[in-house]
Amino acid sequence: MILMGVVGAGKTTVGSLLAQKLGWHFADADDFHSAANVEKIRCGIPLDDSDRAPWLAALRDAILHWNAEGQNAVLACSALKRKYRDALRTDGVRFVYLKGDYELIEQRLHARAGHFASDSILKSQFEDLEQPADAITVEVNQTPDAIVSEIIDRLKSSAVEYPDSAQK
């Protein structure tokens, strides 16, 4: 499962909590960025497609590895454009879009510390965002626990089966 959205949408917070509740592996796509990409982001320079290509390839390799190992995973990843999501799409991958308006996300970014991305790239991420038509969409104007509960409820009510280790 890929939790997607702009910087500050709560992908890491919600993703780690969701993975814990499901008994799945959690990974943050930020950890797959090259040092050069991290430095660009830290300086407020938006990444372009050539910056993202090796990052997306590494993410796809990780997804294929998890699938081959039979390991369920929650991946926190911006996946802003459809072509990025298509590059990550393999058997069994579901997208969950953490949706929030600009003002809410901007407030969150101003309140957080310790992440290399800042609100300086928020504008470019909203410009790049192509909202998915084929994802479970969850509004982020609620607590992380409520978001996780909604995601689990929506997964249970969807036609797609998913293994839930927490139910065993």
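Predicted model: local features only at pLDDT ≥ 70, side-chain atom pairs only at ≥ 80, totals over all residues.
At what angle do helix 1 and helix 7 pack?

Residues are numbered from 1 along each chain as its sequence is written, and side-chain values use heavy atoms, with hydrogens and water left out.

First, the overview. The protein chain has 7 helices and 5 strands. Helices (H or I, at least four residues) and strands (E, at least two) are DSSP runs, numbered from the N terminus. Read from that end, the elements go β-α-β-α-α-β-α-β-α-α-β-α. Of the 168 residues in the protein chain, 45% count as buried. Buried means under 20% relative accessible area, exposed means over 50%, and partly exposed lies in between, with a 1.4 Å probe and protein chains only. Contact means heavy atoms within 4.5 Å. Among contacts with a separation of 6 or more, 75% come from residues 24 or more positions apart.

The 5 strands form an open sheet, ordered 2-3-1-4-5, and the pairing is parallel. Two strands pair if DSSP finds at least two bridges between them. Why is one side of strand 2 and of strand 5 left without a neighbour in the sheet? Strand 2 (25-28) and strand 5 (136-139) stand at the edges, so each has a single partner strand. On average, neighbouring strands are turned by 20° against each other, direction ignored. Axes are lines fitted to C-alpha atoms, for helices over the stretch in contact, and angles run from 0 to 180 degrees between N-to-C directions.

Let's walk across the pairs. Strand 2 meets strand 3 (residues 73-76) in the parallel sense, over 4 bridges. There, Phe26 stands opposite Val74. Helix 1 (residues 11-22) packs on the sheet and touches strands 1, 2, 3 and 4. The direction of helix 1 makes about 165° with that of strand 2. Helix 3 (residues 49-69) also packs on the sheet, touching strand 1, strand 2 and strand 3. Its direction makes about 170° with that of strand 3.

Next, strand 1 and strand 4 pair over 3 bridges, again parallel. Ile2 faces Phe95 there. In strand 4, 4 of the 5 residues are buried, so the strand is largely enclosed by the rest of the structure. Strand 4 then joins strand 5 through 4 bridges, running parallel. Tyr97 stands opposite Thr137, and Val96 has Ile136 as its bridge partner.

On to helix 2 (residues 35-42). Which of its residues are buried? They are Asn37, Val38 and Ile41. Seen down the helix axis, these buried residues fall within an arc of 100°, so they line one face of helix 2. That arc is the one of the directions from the helix axis to the C-beta atoms. The buried residues pack against helix 3. On the other side, Ala35 and Ala36 are exposed. After helix 2 comes Gly44, with a positive phi near 80°.

Another glycine deserves a stop. Gly100 sits in the loop between strand 4 and helix 5 (102-111). Its relative accessibility is 12%, so Gly100 counts as buried. Gly100 and Val140 are 40 residues apart in sequence, and 5.5 Å apart in space, C-alpha to C-alpha. Leaving aside neighbours within four places in sequence, Gly100 contacts Ile105, Phe126 and Val140.

Back to the opening question. Helix 1 and helix 7 (residues 144-157) pack at about 55°, with their axes 9 Å apart. The two helices are therefore oblique to each other. Angles under 35 degrees count as roughly parallel, over 145 as roughly antiparallel, 65 to 115 as roughly perpendicular, and the rest as oblique. Helix 1 passes helix 7 in a right-handed crossing. A crossing is right-handed if the near helix is turned clockwise from the far one by less than a right angle, and left-handed if anticlockwise. Residues of helix 1 in this contact include Leu17 and Leu18. On the helix 7 side, they include Ile147 and Val148.
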